[in-house]
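Load the model and keep the selection tool ready. Each stop below says what to pick and what is there.

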Amino acid sequence: MIEDTLRFVDEFEVRVIRKRVKSLRIRVMPPDGHVQASVPMHMPFSHVEQFIRSKRSWIVQQQEALRTSPQTTAALATPEEVREWRAVVSAFVPQLVARWEPLMGVRVKKLAYRNMKSRWGSCQPSTGRVCINVRLALYPPECLEYVVVHELCHLLEPSHGPRFHELMDTFLPDWRTARDKLKA
(Lines give C-alpha, C1' and ligand atoms only; values in the text may rest on other atoms or scores of the structure.)
Protein backbone atom coordinates (compact mmCIF):
# COMPACT_ATOMS: atom_id res chain seq x y z
CA MET A 1 0.00 0.00 0.00
CA ILE A 2 1.25 3.46 -0.89
CA GLU A 3 -0.05 6.56 0.86
CA ASP A 4 0.69 9.98 -0.61
CA THR A 5 0.21 13.09 1.52
CA LEU A 6 1.33 16.69 1.35
CA ARG A 7 2.83 18.24 4.48
CA PHE A 8 4.93 21.24 5.38
CA VAL A 9 8.11 21.21 7.44
CA ASP A 10 9.15 24.77 8.19
CA GLU A 11 9.35 26.45 4.75
CA PHE A 12 9.54 23.17 2.82
CA GLU A 13 6.62 21.61 0.97
CA VAL A 14 7.02 17.86 1.49
CA ARG A 15 5.25 15.12 -0.42
CA VAL A 16 5.29 12.08 1.85
CA ILE A 17 5.04 8.71 0.13
CA ARG A 18 4.66 5.81 2.52
CA LYS A 19 5.66 2.50 1.03
CA ARG A 20 7.53 -0.69 1.70
CA VAL A 21 11.05 0.71 2.01
CA LYS A 22 13.64 0.09 4.70
CA SER A 23 14.84 3.64 5.19
CA LEU A 24 13.75 7.24 4.78
CA ARG A 25 14.95 8.93 1.58
CA ILE A 26 14.40 12.47 0.35
CA ARG A 27 14.75 14.12 -3.07
CA VAL A 28 14.29 17.67 -4.28
CA MET A 29 11.94 17.47 -7.26
CA PRO A 30 11.79 19.63 -10.39
CA PRO A 31 10.51 22.01 -11.46
CA ASP A 32 9.27 23.64 -8.23
CA GLY A 33 11.82 22.18 -5.77
CA HIS A 34 9.39 20.46 -3.43
CA VAL A 35 10.78 17.71 -1.22
CA GLN A 36 9.67 14.15 -1.86
CA ALA A 37 10.13 11.77 1.07
CA SER A 38 9.90 8.01 0.63
CA VAL A 39 9.03 6.80 4.10
CA PRO A 40 8.70 3.31 5.65
CA MET A 41 5.05 2.46 6.29
CA HIS A 42 5.12 2.74 10.07
CA MET A 43 7.64 5.55 10.60
CA PRO A 44 6.15 8.44 12.61
CA PHE A 45 6.01 11.77 10.82
CA SER A 46 8.02 13.32 13.65
CA HIS A 47 11.03 11.29 12.40
CA VAL A 48 10.49 12.65 8.90
CA GLU A 49 10.33 16.22 10.23
CA GLN A 50 13.50 15.75 12.24
CA PHE A 51 15.34 14.28 9.23
CA ILE A 52 14.23 17.09 6.91
CA ARG A 53 15.33 19.72 9.41
CA SER A 54 18.72 18.00 9.72
CA LYS A 55 19.10 18.18 5.93
CA ARG A 56 17.99 21.81 5.62
CA SER A 57 21.23 23.17 4.12
CA TRP A 58 21.40 20.31 1.59
CA ILE A 59 17.75 20.90 0.56
CA VAL A 60 18.34 24.65 0.11
CA GLN A 61 21.47 23.92 -1.95
CA GLN A 62 19.56 21.47 -4.16
CA GLN A 63 16.67 23.89 -4.61
CA GLU A 64 19.04 26.67 -5.68
CA ALA A 65 20.79 24.39 -8.16
CA LEU A 66 17.39 23.36 -9.51
CA ARG A 67 16.22 26.98 -9.82
CA THR A 68 19.18 27.83 -12.07
CA SER A 69 19.25 24.59 -14.07
CA PRO A 70 18.39 24.33 -17.77
CA GLN A 71 15.94 21.54 -16.86
CA THR A 72 13.82 23.94 -14.83
CA THR A 73 14.07 26.62 -17.50
CA ALA A 74 12.81 24.08 -20.02
CA ALA A 75 9.98 22.86 -17.79
CA LEU A 76 8.69 26.42 -17.34
CA ALA A 77 9.24 27.61 -20.93
CA THR A 78 6.70 29.51 -22.96
CA PRO A 79 5.85 28.43 -26.53
CA GLU A 80 7.82 31.44 -27.79
CA GLU A 81 10.94 30.29 -25.92
CA VAL A 82 10.58 26.80 -27.39
CA ARG A 83 10.33 28.34 -30.89
CA GLU A 84 13.54 30.28 -30.20
CA TRP A 85 15.35 27.09 -29.09
CA ARG A 86 14.13 25.31 -32.23
CA ALA A 87 15.52 28.14 -34.38
CA VAL A 88 18.92 27.95 -32.67
CA VAL A 89 19.18 24.16 -32.81
CA SER A 90 17.90 23.91 -36.38
CA ALA A 91 20.49 26.52 -37.44
CA PHE A 92 23.43 24.53 -36.06
CA VAL A 93 22.51 20.86 -36.45
CA PRO A 94 22.67 20.73 -40.28
CA GLN A 95 26.19 22.21 -40.11
CA LEU A 96 27.24 19.59 -37.56
CA VAL A 97 25.68 16.78 -39.58
CA ALA A 98 27.41 17.99 -42.76
CA ARG A 99 30.72 18.03 -40.90
CA TRP A 100 30.37 14.60 -39.31
CA GLU A 101 28.69 12.58 -42.09
CA PRO A 102 31.82 12.24 -44.27
CA LEU A 103 34.05 11.58 -41.25
CA MET A 104 31.77 8.78 -40.06
CA GLY A 105 30.70 7.44 -43.43
CA VAL A 106 26.98 7.84 -42.74
CA ARG A 107 24.09 9.69 -44.36
CA VAL A 108 21.15 11.30 -42.57
CA LYS A 109 18.03 11.21 -44.71
CA LYS A 110 15.76 13.35 -42.52
CA LEU A 111 16.40 15.74 -39.64
CA ALA A 112 13.67 16.57 -37.15
CA TYR A 113 13.51 18.74 -34.04
CA ARG A 114 11.28 18.23 -31.00
CA ASN A 115 10.86 19.58 -27.49
CA MET A 116 11.35 16.35 -25.52
CA LYS A 117 11.35 15.89 -21.76
CA SER A 118 13.28 12.65 -21.44
CA ARG A 119 15.55 12.25 -24.50
CA TRP A 120 18.26 14.36 -26.07
CA GLY A 121 17.85 12.76 -29.45
CA SER A 122 16.69 9.71 -31.31
CA CYS A 123 17.68 7.83 -34.43
CA GLN A 124 15.87 5.40 -36.68
CA PRO A 125 18.69 3.57 -38.47
CA SER A 126 16.28 1.84 -40.87
CA THR A 127 14.99 5.15 -42.26
CA GLY A 128 18.00 7.41 -41.59
CA ARG A 129 15.84 9.79 -39.54
CA VAL A 130 17.54 11.71 -36.73
CA CYS A 131 15.59 13.78 -34.23
CA ILE A 132 17.28 16.34 -31.94
CA ASN A 133 15.84 17.87 -28.77
CA VAL A 134 15.44 21.66 -29.05
CA ARG A 135 16.22 21.99 -25.33
CA LEU A 136 19.88 21.49 -26.26
CA ALA A 137 19.88 25.23 -27.03
CA LEU A 138 20.09 25.72 -23.25
CA TYR A 139 23.39 23.85 -22.98
CA PRO A 140 26.96 24.52 -24.15
CA PRO A 141 27.65 23.86 -27.87
CA GLU A 142 29.71 20.74 -27.14
CA CYS A 143 26.55 19.10 -25.78
CA LEU A 144 24.75 19.61 -29.09
CA GLU A 145 27.72 18.19 -30.99
CA TYR A 146 27.84 15.20 -28.63
CA VAL A 147 24.16 14.40 -29.24
CA VAL A 148 24.57 14.73 -33.01
CA VAL A 149 27.58 12.39 -33.03
CA HIS A 150 25.75 10.01 -30.67
CA GLU A 151 22.77 9.78 -33.02
CA LEU A 152 24.98 9.42 -36.10
CA CYS A 153 26.78 6.54 -34.37
CA HIS A 154 23.40 4.82 -34.13
CA LEU A 155 23.33 4.75 -37.94
CA LEU A 156 26.37 2.45 -37.63
CA GLU A 157 25.38 0.62 -34.43
CA PRO A 158 21.73 0.66 -33.28
CA SER A 159 22.40 -0.49 -29.69
CA HIS A 160 24.40 1.07 -26.84
CA GLY A 161 26.69 -1.96 -26.65
CA PRO A 162 30.51 -2.14 -26.68
CA ARG A 163 30.77 -1.40 -30.43
CA PHE A 164 28.71 1.79 -29.97
CA HIS A 165 31.04 2.99 -27.20
CA GLU A 166 34.08 2.17 -29.37
CA LEU A 167 32.62 4.29 -32.16
CA MET A 168 31.96 7.18 -29.78
CA ASP A 169 35.51 6.92 -28.41
CA THR A 170 36.89 6.91 -31.96
CA PHE A 171 34.92 9.87 -33.28
CA LEU A 172 34.54 12.02 -30.16
CA PRO A 173 37.04 10.89 -27.48
CA ASP A 174 35.83 13.39 -24.84
CA TRP A 175 32.12 12.58 -25.31
CA ARG A 176 31.68 11.60 -21.66
CA THR A 177 32.37 15.18 -20.55
CA ALA A 178 29.48 16.51 -22.65
CA ARG A 179 27.23 13.64 -21.56
CA ASP A 180 27.93 14.48 -17.92
CA LYS A 181 26.97 18.13 -18.51
CA LEU A 182 23.60 16.93 -19.80
CA LYS A 183 23.11 14.70 -16.77
CA ALA A 184 23.91 17.43 -14.25
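**Stop 1: helix 6**

Select helix 6, residues 162-171; its buried residues are F164, L167, M168 and F171. Those residues span an arc of only 100 degrees around the axis, so they sit on the same side of helix 6. The arc is taken from the directions that lead from the helix axis to the C-beta atoms. An α-helix has 3.6 residues a turn, so residues three or four places apart point the same way. Now turn to the other side of helix 6: P162, E166 and T170 are exposed there. Buried means under 20% relative accessible area, exposed means over 50%, and partly exposed is in between, with a 1.4 Å probe and protein chains only.

What covers the buried residues of helix 6? The cover includes helix 4, helix 5 and helix 7 (175-183). Contact here means heavy atoms within 4.5 Å.

Some ground rules before moving on. This is a predicted model, where local features need pLDDT of at least 70 and side-chain atom pairs count only at pLDDT 80 or more, while totals for chains, interfaces and linings use all residues. Residues are numbered from 1 along each chain as its sequence is written, and side-chain values use heavy atoms, with hydrogens and water left out. Helices (H or I, at least four residues) and strands (E, at least two) are DSSP runs, numbered from the N terminus.

**Stop 2: the largest pocket**

The lining has 13 residues, and W120, Y146, H150, R179 and L182 lie nearest the centre. The space in the largest pocket is about 230 Å³. The search uses a 1 Å grid over the protein atoms alone; a pocket is an open set of points with protein on both sides within 12 Å along at least five of seven lines, and lining residues have an atom within 4 Å of a point. Grid points are joined across faces, edges and corners, and the volume is the space filled by probe spheres set on the points.

**Stop 3**

Two strands pair if DSSP finds at least two bridges between them.

Zoom in on strand 6 and strand 7 (residues 129-133). Their pairing is antiparallel, over four bridges. C123 has V130 as its bridge partner in strand 7, and G121 stands opposite I132. The two strands form a hairpin with four residues between them, and G128 in the turn has a positive phi of about 75 degrees.

Next, pick K110 in strand 5. At 47% relative accessibility, K110 counts as partly exposed. Leaving aside neighbours within four places in sequence, K110 is in contact with G128, R129 and V130. K110 and G128 are 18 residues apart in sequence and 6.4 Å apart in space, C-alpha to C-alpha.

Now bring back the helices.

**Stop 4**

Select strand 4, residues 34-40: seven of its seven residues are buried. H34, Q36, S38 and P40 are on one side, with V35, A37 and V39 on the other.

K19 has P40 as its bridge partner. Strand 3 pairs with strand 4 in the antiparallel sense, over five bridges. Four residues lie between strand 3 and strand 4 in their hairpin, where G33 takes a positive phi near 80 degrees.

M29 is in strand 3 (residues 25-29) and stands opposite H34 in strand 4. Is M29 buried or exposed? At 14% relative accessibility, M29 counts as buried. Beyond its neighbours within four places in sequence, M29 is in contact with H34, Q36 and L66. Finally, draw a C-alpha to C-alpha distance from M29 to C153: 33 Å in space, at 124 residues apart in sequence.

Conventions. On a 1 Å grid over the protein atoms alone, a cavity is a set of points where a 1.4 Å probe fits but cannot get out, and a pocket is an open set with protein on both sides within 12 Å along at least five of seven lines; lining residues have an atom within 4 Å of a point.
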